[in-house]
Amino acid sequence: VSFIVFTMLGIACLVIAVAVLAGIGAQLHPLLADEGTGVAMLVTAVALFLTGGFPLVLRRLAEREGA
């Protein structure tokens, strides 16, 4: 369940990051006009993907051990 939640949040952040880096963010909100915001959202998306993948990897390792 956590994999799905964090992946969905990561996708949302990735979409926002692409919109901000493409210049669309300035039309939505003044804070989204800065490229630093796009980079921060991109880093946040990567962190969310890694956070979601961590429990999945641990579960697979536990299944491999037979626990």
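## Burial and surface

Of the 67 residues in the chain, 18% count as buried. The structure is a predicted model, and the values given in this report are computed from it. The accessible surface of the chain amounts to about 4,900 Å². Carbon and sulfur atoms account for 73% of that surface.

## Fold and dimensions

The chain contains 3 helices and 0 strands. Read from the N terminus, its elements follow the order α-α-α. The radius of gyration is 16 Å, whereas the globule rule gives 11 Å for 67 residues; the chain is therefore more spread out than a compact globule.

The C-alpha trace gives a further description of the shape: along its principal axes it spans about 55 × 15 × 15 Å.

## Contacts across the sequence

Where contacts link residues at least 6 apart in sequence, 63% of them join residues at least 24 apart.

## The nonpolar core

The largest nonpolar core consists of 5 residues: Cys-13, Ala-17, Met-41, Ala-45 and Leu-48. At least two residues of this core come from each of helix H1 (2-21) and helix H3 (35-65). H3 makes the greatest contribution, supplying 3 residues.

Cys-13 is a member of this core. When its neighbours within four places in sequence are set aside, Cys-13 is in contact with Met-41, Thr-44, Ala-45 and Leu-48.

Key. Residues numbered from 1 in each chain as written. Predicted model: local features only at pLDDT ≥ 70, side-chain atom pairs only at ≥ 80, totals over all residues. Heavy atoms only, no water. Core = buried A, V, L, I, M, F, W, Y, C linked by side-chain atoms within 4.5 Å. Buried < 20%, exposed > 50% of the residue type's maximum accessible area, 1.4 Å probe, protein only. Helix = DSSP H or I, 4+ residues; strand = E, 2+ residues; numbered from the N terminus. Contact = heavy atoms within 4.5 Å. Rg over C-alpha atoms; globule rule 2.2 N^0.38 Å. Areas by Shrake-Rupley, 256 points an atom, 1.4 Å probe, with all protein chains shown as cover.
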